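Please open the structure in your viewer and get ready to select residues by number. We will take the tour one stop at a time.

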Amino acid sequence: MTVSRTARLTAAAVAVILAAAGCGTDDTSDTAAPSPAVDTTSAPQDLQWRTVAGVSVPTSRTAGPTAGTGAARHGYDRTPQGAVLAAINGQTALAVADDRTWPEVVNTVTTPGPGRDAFAVARAGVTVAGTVPDAAAPRFVGFEVTDYQLDPPTAAVSVAQTIGTDPQLYAYPVALQWIDDDWRIVLPTPEDNIDAAEIADLTGYTTLEGAS
């Protein structure tokens, strides 16, 4: 296994890959509350787990991903649950994609914009190879949909995880937009200064069963 310094990035903080770029959310604090008719708290149905470059990620036959291969898998249901899986799988894909596949991954799982452009410039200057060691791999344990809009379709998801054997919980915010019939991550610009934050417990979060 070949693991460079930057290969130790995890989906908990893709910013560790590229401190100048990072992945997360734009400011959605001024948007309206989620519609009460939309279920933002239930976990995805048919939850299963697969391993991508040493990182275990949740998938669902109904909510996605249902298309693509490897780290570039995509195809999510237009629901909060689909957005949750797109956030986790997309963050992981951005963190572990190697030097050959990362352009395809970025174009598949993110929206066009200044955040994507900044990420691509920074990512081109580093090397990522191999799998994430157990000691650095995130374990995704829960989520909170902090915002969900139907028109236009947007979502904001806080992903809860631990890292390796560290029992401390971390939450990482991810913003998404529905583009070309799929959920895509909105990468922030360096000025947004998005990063993971420690949380005391999973109060307010929906747990992901079978997290490993």
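**The whole chain.** Before you zoom in, keep in mind that this is a predicted model. Show the protein as a cartoon, and look for 3 helices and 8 strands. Starting at the N terminus, the elements follow the order β-β-α-α-α-β-β-β-β-β-β. Of its 212 residues, 51% are buried.

**Helix 1 and helix 2.** Select residues 80-96 for helix 1 and 102-109 for helix 2. Their axes come within 9 Å and cross at roughly 160°. An angle over 145 degrees counts as roughly antiparallel, so that is how helix 1 and helix 2 run relative to each other. The crossing of helix 1 and helix 2 is left-handed. Which residues of helix 1 and helix 2 meet? Show side chains for Gly 90, Ala 93 and Leu 94 on helix 1, and for Val 105, Val 106 and Val 109 on helix 2. Sorted by class, this contact of helix 1 with helix 2 has 5 nonpolar residues, 1 polar residue and no charged ones.

**Helix 2 and helix 3.** On the helix 2 side, pick Trp 102, Val 106 and Asn 107; on the helix 3 side, pick Arg 116, Phe 119, Ala 120 and Arg 123. This contact of helix 2 with helix 3 has 4 nonpolar, 1 polar and 2 charged residues.

**Two cis peptide bonds.** Most peptide bonds are trans. For a cis one, go to the bond joining Gly 64 and Pro 65, where omega is about 0°. Pro 65 sits in the loop between strand 2 (55-60) and helix 1. Another cis bond runs from Asp 151 to Pro 152, with omega near -5°. You will find Pro 152 in the loop between strand 3 (138-150) and strand 4 (153-163).

**Two positive phi angles.** Most residues other than glycine have a negative phi. Select Asp 180, whose phi is positive at about 50°, and then Asp 181, with a positive phi of about 60°. Asp 180 lies in the loop between strand 5 (166-179) and strand 6 (182-185), and Asp 181 is in the loop between strand 5 and strand 6 too. Are they buried or exposed? Asp 180 is exposed, at 61% relative accessibility, and Asp 181 is exposed as well, at 63%.

Conventions:
Residues numbered from 1 in each chain as written. Predicted model: local features only at pLDDT ≥ 70, side-chain atom pairs only at ≥ 80, totals over all residues. Heavy atoms only, no water. Helix = DSSP H or I, 4+ residues; strand = E, 2+ residues; numbered from the N terminus. Buried < 20%, exposed > 50% of the residue type's maximum accessible area, 1.4 Å probe, protein only. Axes fitted to C-alpha atoms, helices over the stretch in contact; angles between N-to-C directions. Parallel < 35°, antiparallel > 145°, perpendicular 65-115°, else oblique. Left-handed = near helix turned anticlockwise from the far one by under 90°. Contact = heavy atoms within 4.5 Å. Nonpolar A, V, L, I, M, F, W, Y, C, P; charged D, E, K, R; others polar.
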